[in-house]
Amino acid sequence: MRTPAEPRRRDRWLLLCSAMLIMLALVLALVSRSRGQASPLRVAAGASGGSLHPIAGNFVPDGTRLEKCGADPRCLQQAFGNISYANGPRFALQLFDRRMAADPAVSASCHRIAHMIGSAALAHFKGNVAEAYSHGSASCASGYFHGILERAFIHVSTERGLARVAKSLCRGSGARRWGFLDYQCVHGLGHGLMIQTAYDLPLSLSICARLPTRWDDVSCTGGVFMENGSTVYGWRSRWLKTSDPLYPCNSVKVRDRASCYLRVTTQILKTNGADWKKTARTCADLPARWARSCFRSYGRDAVGPSKGEGADVILDRCGLAEGRAGDCLYGAARTLADANADARPAAAFCKRAPPAQQGSCFAGLGVVVGLLHATNAARVSACARLTDRYVHECARAASGEVRPDGQGAWG
(Lines give C-alpha, C1' and ligand atoms only; values in the text may rest on other atoms or scores of the structure.)
Protein backbone atom coordinates (compact mmCIF):
# COMPACT_ATOMS: atom_id res chain seq x y z
CA MET A 1 0.00 0.00 0.00
CA ARG A 2 1.35 3.46 -1.04
CA THR A 3 1.86 6.07 1.59
CA PRO A 4 0.48 9.62 0.94
CA ALA A 5 4.06 10.85 0.47
CA GLU A 6 4.77 8.56 -2.52
CA PRO A 7 2.71 10.52 -5.13
CA ARG A 8 4.39 13.71 -3.99
CA ARG A 9 7.84 12.12 -4.33
CA ARG A 10 6.91 10.86 -7.82
CA ASP A 11 5.70 14.34 -8.87
CA ARG A 12 8.87 15.92 -7.59
CA TRP A 13 10.93 13.37 -9.48
CA LEU A 14 9.02 14.03 -12.72
CA LEU A 15 9.45 17.79 -12.24
CA LEU A 16 13.19 17.33 -11.66
CA CYS A 17 13.52 15.20 -14.81
CA SER A 18 11.65 17.79 -16.86
CA ALA A 19 13.90 20.57 -15.58
CA MET A 20 17.00 18.53 -16.43
CA LEU A 21 15.74 17.91 -19.97
CA ILE A 22 15.11 21.63 -20.45
CA MET A 23 18.59 22.47 -19.18
CA LEU A 24 20.11 19.86 -21.50
CA ALA A 25 18.28 21.36 -24.49
CA LEU A 26 19.58 24.82 -23.61
CA VAL A 27 23.15 23.55 -23.26
CA LEU A 28 22.95 21.79 -26.62
CA ALA A 29 21.61 24.95 -28.24
CA LEU A 30 24.46 27.00 -26.84
CA VAL A 31 27.05 24.44 -27.94
CA SER A 32 25.55 24.44 -31.42
CA ARG A 33 25.78 28.25 -31.64
CA SER A 34 29.38 28.24 -30.33
CA ARG A 35 30.33 25.91 -33.19
CA GLY A 36 28.95 28.43 -35.62
CA GLN A 37 25.83 26.53 -36.69
CA ALA A 38 23.14 28.94 -37.79
CA SER A 39 19.91 28.79 -35.85
CA PRO A 40 16.52 29.48 -37.49
CA LEU A 41 15.75 33.15 -37.86
CA ARG A 42 13.30 34.66 -35.42
CA VAL A 43 11.36 37.81 -36.19
CA ALA A 44 12.20 40.61 -33.76
CA ALA A 45 9.07 42.25 -32.38
CA GLY A 46 10.77 45.41 -31.18
CA ALA A 47 10.40 47.31 -27.93
CA SER A 48 6.99 48.02 -26.45
CA GLY A 49 5.47 49.75 -23.48
CA GLY A 50 8.62 51.72 -22.71
CA SER A 51 10.66 48.57 -22.01
CA LEU A 52 13.67 47.53 -24.09
CA HIS A 53 14.31 43.97 -25.25
CA PRO A 54 18.00 43.72 -26.19
CA ILE A 55 18.97 40.82 -28.45
CA ALA A 56 22.63 40.77 -27.37
CA GLY A 57 24.17 40.94 -23.93
CA ASN A 58 27.78 41.29 -22.87
CA PHE A 59 30.27 39.29 -24.88
CA VAL A 60 30.60 35.79 -23.39
CA PRO A 61 33.92 33.98 -23.99
CA ASP A 62 33.89 30.24 -24.53
CA GLY A 63 36.18 27.46 -25.72
CA THR A 64 35.95 28.21 -29.45
CA ARG A 65 39.45 28.18 -30.99
CA LEU A 66 40.53 29.74 -34.26
CA GLU A 67 42.30 26.67 -35.58
CA LYS A 68 39.07 24.63 -35.33
CA CYS A 69 36.86 27.07 -37.29
CA GLY A 70 37.77 26.47 -40.91
CA ALA A 71 35.53 28.72 -43.01
CA ASP A 72 32.63 28.89 -40.51
CA PRO A 73 31.84 32.62 -40.08
CA ARG A 74 30.11 32.31 -36.69
CA CYS A 75 32.97 30.26 -35.33
CA LEU A 76 35.51 32.78 -36.64
CA GLN A 77 33.62 35.64 -34.99
CA GLN A 78 33.54 33.90 -31.63
CA ALA A 79 37.16 32.74 -31.84
CA PHE A 80 38.51 36.20 -32.60
CA GLY A 81 36.26 37.58 -29.86
CA ASN A 82 37.78 35.12 -27.41
CA ILE A 83 41.27 36.30 -28.39
CA SER A 84 40.31 39.95 -27.94
CA TYR A 85 38.71 39.25 -24.57
CA ALA A 86 41.69 37.27 -23.26
CA ASN A 87 44.66 39.07 -24.85
CA GLY A 88 43.29 42.53 -25.58
CA PRO A 89 42.12 44.01 -28.89
CA ARG A 90 45.50 45.16 -30.22
CA PHE A 91 46.83 41.62 -30.28
CA ALA A 92 43.56 40.34 -31.76
CA LEU A 93 43.49 43.02 -34.47
CA GLN A 94 47.10 42.37 -35.49
CA LEU A 95 46.33 38.66 -35.85
CA PHE A 96 43.10 39.52 -37.66
CA ASP A 97 44.93 41.70 -40.21
CA ARG A 98 47.40 38.91 -40.96
CA ARG A 99 44.67 36.29 -41.31
CA MET A 100 42.50 38.61 -43.41
CA ALA A 101 45.34 38.97 -45.93
CA ALA A 102 45.92 35.22 -46.14
CA ASP A 103 42.55 33.54 -45.50
CA PRO A 104 39.60 34.15 -47.87
CA ALA A 105 37.14 32.94 -45.21
CA VAL A 106 38.32 35.62 -42.77
CA SER A 107 38.35 38.26 -45.51
CA ALA A 108 34.79 37.41 -46.61
CA SER A 109 33.42 37.84 -43.07
CA CYS A 110 35.87 40.49 -41.92
CA HIS A 111 33.45 43.26 -40.98
CA ARG A 112 31.41 41.10 -38.61
CA ILE A 113 34.55 39.49 -37.19
CA ALA A 114 35.86 42.98 -36.46
CA HIS A 115 32.51 43.78 -34.80
CA MET A 116 33.03 40.83 -32.46
CA ILE A 117 36.60 41.86 -31.63
CA GLY A 118 35.19 45.25 -30.62
CA SER A 119 32.37 43.76 -28.57
CA ALA A 120 34.82 41.53 -26.74
CA ALA A 121 37.16 44.48 -26.20
CA LEU A 122 34.37 46.38 -24.46
CA ALA A 123 33.98 43.43 -22.08
CA HIS A 124 37.78 43.21 -21.71
CA PHE A 125 37.84 46.86 -20.58
CA LYS A 126 34.77 46.35 -18.34
CA GLY A 127 32.44 48.58 -20.35
CA ASN A 128 34.79 51.55 -20.77
CA VAL A 129 33.98 52.82 -24.27
CA ALA A 130 36.79 55.40 -24.40
CA GLU A 131 39.42 52.85 -23.34
CA ALA A 132 38.19 50.29 -25.85
CA TYR A 133 38.18 52.93 -28.61
CA SER A 134 41.78 53.92 -27.89
CA HIS A 135 43.02 50.39 -28.64
CA GLY A 136 41.25 49.99 -31.98
CA SER A 137 41.95 50.21 -35.69
CA ALA A 138 39.95 50.91 -38.85
CA SER A 139 40.47 47.41 -40.31
CA CYS A 140 37.70 46.22 -42.62
CA ALA A 141 35.52 49.35 -42.66
CA SER A 142 36.00 50.07 -38.94
CA GLY A 143 33.96 47.08 -37.78
CA TYR A 144 35.88 47.13 -34.49
CA PHE A 145 34.46 50.52 -33.50
CA HIS A 146 30.95 49.50 -34.55
CA GLY A 147 31.19 46.37 -32.40
CA ILE A 148 31.97 48.43 -29.30
CA LEU A 149 28.85 50.51 -29.76
CA GLU A 150 26.72 47.41 -30.44
CA ARG A 151 27.00 46.50 -26.77
CA ALA A 152 27.40 49.93 -25.20
CA PHE A 153 23.73 50.16 -24.17
CA ILE A 154 23.75 46.91 -22.18
CA HIS A 155 22.67 48.45 -18.87
CA VAL A 156 20.09 50.86 -20.31
CA SER A 157 16.49 49.78 -19.71
CA THR A 158 14.27 52.70 -20.80
CA GLU A 159 13.77 54.86 -23.87
CA ARG A 160 14.65 57.98 -21.88
CA GLY A 161 17.88 56.35 -20.71
CA LEU A 162 18.65 55.29 -24.26
CA ALA A 163 18.41 58.88 -25.51
CA ARG A 164 20.52 60.18 -22.63
CA VAL A 165 23.30 57.64 -23.10
CA ALA A 166 23.27 58.02 -26.90
CA LYS A 167 23.98 61.73 -26.55
CA SER A 168 26.94 61.16 -24.24
CA LEU A 169 28.73 58.02 -25.49
CA CYS A 170 30.58 59.44 -28.48
CA ARG A 171 31.38 62.70 -26.73
CA GLY A 172 33.26 60.61 -24.16
CA SER A 173 35.18 58.53 -26.71
CA GLY A 174 37.90 61.15 -27.16
CA ALA A 175 37.34 61.28 -30.93
CA ARG A 176 37.74 64.56 -32.85
CA ARG A 177 34.36 66.13 -33.52
CA TRP A 178 33.15 65.38 -37.05
CA GLY A 179 36.25 63.34 -37.65
CA PHE A 180 36.73 59.77 -38.87
CA LEU A 181 36.46 58.13 -35.44
CA ASP A 182 33.57 60.37 -34.45
CA TYR A 183 31.71 59.21 -37.56
CA GLN A 184 32.45 55.56 -36.75
CA CYS A 185 31.23 56.12 -33.19
CA VAL A 186 27.94 57.75 -34.15
CA HIS A 187 27.38 55.24 -36.95
CA GLY A 188 28.01 52.49 -34.41
CA LEU A 189 25.36 54.04 -32.17
CA GLY A 190 22.83 53.21 -34.86
CA HIS A 191 23.84 49.53 -34.74
CA GLY A 192 23.64 49.56 -30.95
CA LEU A 193 20.22 51.19 -30.86
CA MET A 194 18.73 48.54 -33.11
CA ILE A 195 20.28 45.72 -31.10
CA GLN A 196 19.16 47.16 -27.77
CA THR A 197 15.57 47.66 -28.97
CA ALA A 198 15.22 44.30 -30.78
CA TYR A 199 15.19 46.02 -34.18
CA ASP A 200 12.63 48.66 -33.33
CA LEU A 201 13.35 50.82 -36.36
CA PRO A 202 11.03 53.78 -35.56
CA LEU A 203 12.34 54.04 -31.99
CA SER A 204 15.98 53.80 -33.09
CA LEU A 205 15.48 56.51 -35.72
CA SER A 206 13.76 58.74 -33.17
CA ILE A 207 16.78 58.46 -30.84
CA CYS A 208 19.12 59.35 -33.72
CA ALA A 209 16.97 62.44 -34.39
CA ARG A 210 17.58 63.62 -30.80
CA LEU A 211 21.36 63.76 -31.21
CA PRO A 212 23.00 67.21 -31.13
CA THR A 213 23.34 67.94 -34.88
CA ARG A 214 21.89 66.82 -38.19
CA TRP A 215 25.33 65.35 -39.01
CA ASP A 216 25.01 63.09 -35.96
CA ASP A 217 21.49 62.15 -36.98
CA VAL A 218 22.46 61.19 -40.54
CA SER A 219 25.53 59.24 -39.39
CA CYS A 220 23.47 57.39 -36.77
CA THR A 221 20.63 56.48 -39.13
CA GLY A 222 23.18 54.91 -41.46
CA GLY A 223 24.05 52.44 -38.70
CA VAL A 224 20.36 51.84 -38.00
CA PHE A 225 19.59 50.90 -41.61
CA MET A 226 22.74 48.81 -41.95
CA GLU A 227 21.82 46.79 -38.86
CA ASN A 228 18.22 46.51 -40.06
CA GLY A 229 19.42 44.38 -42.97
CA SER A 230 21.69 42.23 -40.78
CA THR A 231 20.74 38.90 -39.22
CA VAL A 232 24.01 38.12 -37.44
CA TYR A 233 22.28 37.46 -34.09
CA GLY A 234 19.73 35.10 -35.56
CA TRP A 235 16.94 37.66 -35.74
CA ARG A 236 15.17 39.11 -38.77
CA SER A 237 13.88 42.63 -38.58
CA ARG A 238 10.16 43.01 -39.18
CA TRP A 239 11.12 46.13 -41.16
CA LEU A 240 12.14 44.02 -44.16
CA LYS A 241 9.96 42.51 -46.89
CA THR A 242 11.14 39.89 -49.36
CA SER A 243 8.25 40.92 -51.60
CA ASP A 244 9.39 44.56 -51.55
CA PRO A 245 13.18 44.96 -51.33
CA LEU A 246 12.83 48.77 -51.28
CA TYR A 247 11.03 48.57 -47.94
CA PRO A 248 11.34 50.36 -45.51
CA CYS A 249 13.00 53.11 -47.57
CA ASN A 250 9.72 53.85 -49.33
CA SER A 251 7.89 54.13 -46.01
CA VAL A 252 10.16 55.97 -43.54
CA LYS A 253 10.08 59.73 -43.04
CA VAL A 254 11.52 61.79 -45.89
CA ARG A 255 14.34 63.01 -43.63
CA ASP A 256 15.59 59.41 -43.30
CA ARG A 257 15.09 58.16 -46.85
CA ALA A 258 18.45 59.13 -48.36
CA SER A 259 20.25 57.30 -45.56
CA CYS A 260 18.07 54.25 -46.13
CA TYR A 261 18.50 54.22 -49.92
CA LEU A 262 22.27 54.46 -49.40
CA ARG A 263 22.07 50.86 -48.16
CA VAL A 264 19.07 49.49 -50.02
CA THR A 265 20.88 47.50 -52.72
CA THR A 266 22.16 44.98 -50.19
CA GLN A 267 18.56 43.85 -49.70
CA ILE A 268 17.74 44.11 -53.41
CA LEU A 269 20.65 41.84 -54.29
CA LYS A 270 19.55 39.33 -51.66
CA THR A 271 16.07 39.09 -53.14
CA ASN A 272 16.96 38.93 -56.86
CA GLY A 273 19.79 36.40 -56.67
CA ALA A 274 22.58 38.98 -56.90
CA ASP A 275 21.48 40.08 -60.36
CA TRP A 276 23.38 43.34 -60.93
CA LYS A 277 21.43 44.29 -64.06
CA LYS A 278 18.10 43.94 -62.28
CA THR A 279 19.44 45.86 -59.31
CA ALA A 280 20.54 48.72 -61.58
CA ARG A 281 17.09 48.81 -63.17
CA THR A 282 15.47 48.93 -59.74
CA CYS A 283 17.58 51.96 -58.82
CA ALA A 284 16.94 53.61 -62.20
CA ASP A 285 13.16 53.33 -61.71
CA LEU A 286 13.26 55.41 -58.52
CA PRO A 287 12.63 59.16 -58.54
CA ALA A 288 15.87 61.00 -59.32
CA ARG A 289 16.14 62.23 -55.72
CA TRP A 290 16.47 58.68 -54.43
CA ALA A 291 18.07 57.08 -57.50
CA ARG A 292 21.33 58.89 -56.72
CA SER A 293 21.47 57.35 -53.24
CA CYS A 294 20.47 53.95 -54.59
CA PHE A 295 23.27 53.95 -57.18
CA ARG A 296 25.78 55.05 -54.54
CA SER A 297 24.59 52.06 -52.51
CA TYR A 298 25.03 49.96 -55.64
CA GLY A 299 28.65 51.17 -55.85
CA ARG A 300 29.21 50.37 -52.20
CA ASP A 301 27.99 46.80 -52.73
CA ALA A 302 29.97 46.50 -55.99
CA VAL A 303 33.14 46.61 -53.89
CA GLY A 304 32.02 43.39 -52.17
CA PRO A 305 31.50 42.45 -48.51
CA SER A 306 35.23 42.10 -47.85
CA LYS A 307 35.99 45.39 -49.69
CA GLY A 308 38.30 43.31 -51.84
CA GLU A 309 36.75 42.92 -55.31
CA GLY A 310 39.22 43.74 -58.07
CA ALA A 311 38.97 47.05 -59.92
CA ASP A 312 37.85 45.34 -63.14
CA VAL A 313 34.90 43.69 -61.40
CA ILE A 314 33.80 46.96 -59.78
CA LEU A 315 34.14 48.90 -63.03
CA ASP A 316 32.12 46.28 -64.91
CA ARG A 317 29.35 46.48 -62.34
CA CYS A 318 29.32 50.26 -62.44
CA GLY A 319 29.15 50.01 -66.23
CA LEU A 320 25.67 48.50 -65.80
CA ALA A 321 24.43 51.52 -63.87
CA GLU A 322 22.23 52.85 -66.70
CA GLY A 323 23.65 56.34 -67.03
CA ARG A 324 24.45 56.66 -63.32
CA ALA A 325 27.96 55.21 -63.42
CA GLY A 326 29.29 58.34 -61.71
CA ASP A 327 27.14 57.72 -58.64
CA CYS A 328 28.22 54.08 -58.61
CA LEU A 329 31.89 55.07 -58.77
CA TYR A 330 31.31 57.67 -56.03
CA GLY A 331 29.94 54.95 -53.74
CA ALA A 332 32.71 52.50 -54.65
CA ALA A 333 35.51 55.00 -54.08
CA ARG A 334 34.09 56.14 -50.78
CA THR A 335 33.87 52.51 -49.66
CA LEU A 336 37.41 51.69 -50.75
CA ALA A 337 38.77 54.73 -48.91
CA ASP A 338 36.78 53.90 -45.80
CA ALA A 339 37.93 50.27 -45.72
CA ASN A 340 41.14 51.04 -43.82
CA ALA A 341 40.95 54.84 -43.41
CA ASP A 342 43.27 55.25 -46.40
CA ALA A 343 42.23 57.06 -49.59
CA ARG A 344 45.21 55.93 -51.69
CA PRO A 345 43.72 52.60 -52.88
CA ALA A 346 40.56 54.46 -53.89
CA ALA A 347 42.61 57.04 -55.81
CA ALA A 348 44.37 54.27 -57.74
CA PHE A 349 40.96 52.81 -58.56
CA CYS A 350 39.55 56.17 -59.71
CA LYS A 351 42.44 56.66 -62.14
CA ARG A 352 41.24 53.52 -63.93
CA ALA A 353 37.67 54.76 -64.22
CA PRO A 354 36.30 56.20 -67.49
CA PRO A 355 37.50 59.83 -67.79
CA ALA A 356 33.94 61.19 -67.84
CA GLN A 357 33.24 59.78 -64.36
CA GLN A 358 36.61 60.27 -62.67
CA GLY A 359 35.48 63.52 -61.04
CA SER A 360 32.58 61.75 -59.32
CA CYS A 361 34.92 58.98 -58.26
CA PHE A 362 37.37 61.39 -56.62
CA ALA A 363 34.46 63.16 -54.92
CA GLY A 364 33.54 59.82 -53.35
CA LEU A 365 36.95 59.34 -51.78
CA GLY A 366 36.88 63.02 -50.79
CA VAL A 367 34.17 62.14 -48.28
CA VAL A 368 36.71 60.11 -46.30
CA VAL A 369 39.44 62.73 -46.80
CA GLY A 370 37.11 65.20 -45.09
CA LEU A 371 36.82 62.97 -42.04
CA LEU A 372 40.53 62.16 -41.85
CA HIS A 373 41.80 65.75 -41.89
CA ALA A 374 40.81 68.51 -39.48
CA THR A 375 40.98 71.64 -41.68
CA ASN A 376 40.01 72.56 -45.22
CA ALA A 377 43.63 73.47 -45.98
CA ALA A 378 44.76 70.01 -44.92
CA ARG A 379 41.97 68.47 -47.01
CA VAL A 380 43.02 70.35 -50.12
CA SER A 381 46.63 69.23 -49.60
CA ALA A 382 45.54 65.63 -49.12
CA CYS A 383 43.42 65.75 -52.29
CA ALA A 384 46.34 67.26 -54.24
CA ARG A 385 48.51 64.30 -53.23
CA LEU A 386 45.87 61.95 -54.63
CA THR A 387 45.05 63.66 -57.93
CA ASP A 388 46.26 66.53 -60.08
CA ARG A 389 43.12 67.03 -62.14
CA TYR A 390 40.28 66.48 -59.66
CA VAL A 391 41.49 68.32 -56.57
CA HIS A 392 38.42 70.58 -56.62
CA GLU A 393 35.93 67.70 -56.71
CA CYS A 394 37.77 65.87 -53.93
CA ALA A 395 38.15 68.94 -51.70
CA ARG A 396 34.56 70.11 -52.19
CA ALA A 397 33.22 66.72 -51.08
CA ALA A 398 35.71 66.70 -48.18
CA SER A 399 34.52 70.03 -46.80
CA GLY A 400 30.85 69.17 -47.37
CA GLU A 401 31.11 65.92 -45.42
CA VAL A 402 31.88 67.66 -42.14
CA ARG A 403 29.12 70.28 -42.21
CA PRO A 404 27.11 70.09 -38.95
CA ASP A 405 23.85 70.51 -40.89
CA GLY A 406 24.48 67.09 -42.39
CA GLN A 407 23.94 68.26 -45.97
CA GLY A 408 27.11 66.59 -47.18
CA ALA A 409 27.11 63.60 -44.84
CA TRP A 410 27.39 60.12 -46.29
CA GLY A 411 25.26 58.67 -43.49
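Which residues are buried in helix α13 (residues 264-271)? Select that helix: Val264, Thr265, Gln267, Ile268 and Leu269 are buried. Buried means under 20% relative accessible area, exposed over 50%, and partly exposed in between, with a 1.4 Å probe and protein chains only. Helices (H or I, at least four residues) and strands (E, at least two) are DSSP runs, numbered from the N terminus.

Before moving on, note that this is a predicted model, in which local features need pLDDT of at least 70, side-chain atom pairs count only at pLDDT 80 or more, and totals for chains, interfaces and linings use all residues. Residues are numbered from 1 along each chain as its sequence is written, and side-chain values use heavy atoms, with hydrogens and water left out.

Now show the cover over the buried residues of α13. It includes β2 (235-237), α12 (254-261), α14 (276-284) and α15 (288-302). Contact here means heavy atoms within 4.5 Å.

Step to glycine 273, which follows α13. Its phi is positive, near 75°.

Next, go to the loop between β2 and α12, where proline 248 is found. Select tyrosine 247 too: the peptide bond from tyrosine 247 to proline 248 is cis, with omega near 10°. Most residues other than glycine have a negative phi, and most peptide bonds are trans.

Cysteine 140 lies in helix α7 (residues 139-150). Its phi is positive, about 50°, although it is not a glycine. Cysteine 140 counts as buried because its relative accessibility is 3%.

Finish at glutamate 322, in the loop between α16 (311-318) and α17 (325-338). This non-glycine residue also has a positive phi, near 50°. At 44% relative accessibility, glutamate 322 counts as partly exposed.
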